[in-house]
Amino acid sequence: MTTARLVPLEELPSLVGEVFTIDSFRITKDEVNTFEDVTGVSYSYRIHANDYPDGMIEGFHSLALVDHLSVSLVRPDPKTTFVFNYGANRLRFPSGLTTKDELSYRLEVLDVVPKGDGYLLTYDSSITAHGADRPGMRVEWLTAAYPLTAGTELRSEKTARPTPFQPKVR
């Protein structure tokens, strides 16, 4: 996996128009099972098993990966900047994704506008199965970035919660 590009708060507007990608990764059946068990969607899939493709990745599972995949590519410098998810403008699941698919991720910075002492960032993000005409998930989402306040302590790598999902980049 590549190291994320860290961008100082004051340089965030320079990201507009930039595109970042992960060319190839997979979501495993175990990861799908864990997501389904935690969110309760596995019950529906068991009842209607014949209606879903084998190894289907739930749309909201793919959406849940957006933040993790994005910060693995580019993010405001966490030593100086506090960032949080601000919401989404549009969300679609135009085609299916499965655990058999080789996937790619695309992140485009659409806009960065001042908001208080920081910025509101708008992105176009998508996860697409290799060879598919349409993405399996596409979202226009927002994050807000602000300067850290004095006295704010960062979590060290030792105290940060572990992330079980690590995209299998090929």
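Modeller: Along the sequence they follow the pattern β-β-α-α-α-α-β-β-β-β-β. This is a predicted model, in which local features need pLDDT of at least 70 and side-chain atom pairs count only at pLDDT 80 or more, while totals for chains, interfaces and linings use all residues. Residues are numbered from 1 along each chain as its sequence is written, and side-chain values use heavy atoms, with hydrogens and water left out.

Colleague: How many aromatic pairs does a search of the whole structure find, and what makes the pair of Phe84 and Tyr86 tilted?

Modeller: The search finds five aromatic pairs. The ring centres of Phe84 and Tyr86 are 6.3 Å apart and their planes stand at 50°. Rings of Phe, Tyr and Trp (its six-membered ring) pair if their centres lie within 6.5 Å, and planes under 30 degrees apart are stacked, over 60 edge-to-face and the rest tilted; the angle of 50° falls in the rest, and therefore the pair is called tilted.

Colleague: Why is Phe84 called partly exposed, and what is the relative accessible area of Tyr86?

Modeller: Phe84 has a relative accessible area of 30%, and the class between buried (under 20%) and exposed (over 50%), with a 1.4 Å probe and protein chains only, is partly exposed, so Phe84 belongs there. Tyr86, which is in strand 4 (residues 81–92), has a value of 40% and is therefore partly exposed.

Colleague: What makes the pair of Tyr123 and Trp141 stacked, and which strands does this pair link?

Modeller: The centres of Tyr123 and Trp141 are 4.8 Å apart with 25° between the planes, and because that angle is under the limit for stacking, the pair is stacked. Tyr123 lies in strand 6 (residues 118–129) and Trp141 in strand 7 (residues 137–147), 18 residues apart, so that the pair links distant parts of the chain.

Colleague: How do you know whether Tyr123 is buried or exposed, and what is the case for Trp141?

Modeller: Tyr123 has 7% relative accessibility and so counts as buried, and Trp141, also at 7%, counts as buried for that reason. Buried residues make up 41% of the 170 residues in the protein chain.

Colleague: Which residues do ring pairs link into a cluster?

Modeller: The cluster consists of Phe82, Phe84, Tyr86 and Tyr146.

Colleague: What lines the largest cavity, and which strand gives the most to this lining?

Modeller: A cavity is a set of points, on a 1 Å grid over the protein atoms alone, where a 1.4 Å probe fits but cannot get out, and lining residues have an atom within 4 Å of a point. One cavity of 30 Å³ or more is found, with a volume of about 30 Å³, the space filled by probe spheres set on points joined across faces, edges and corners. Leu15, Val74, Arg75, Pro76, Leu121 and Tyr123 line the largest cavity. Strand 3 (74–76) and strand 6 each give two or more residues to this lining, and strand 3 gives the most, with three.

Colleague: Why does Ser104 count as partly exposed, and how many residues separate Ser104 and Asp23 in sequence?

Modeller: Ser104, in strand 5 (residues 103–115), has a relative accessible area of 22%, and is therefore partly exposed. Ser104 and Asp23 are 81 residues apart in sequence but 4.8 Å apart in space, C-alpha to C-alpha.

Conventions: Helices (H or I, at least four residues) and strands (E, at least two) are DSSP runs, numbered from the N terminus. On a 1 Å grid over the protein atoms alone, a cavity is a set of points where a 1.4 Å probe fits but cannot get out, and a pocket is an open set with protein on both sides within 12 Å along at least five of seven lines; lining residues have an atom within 4 Å of a point.
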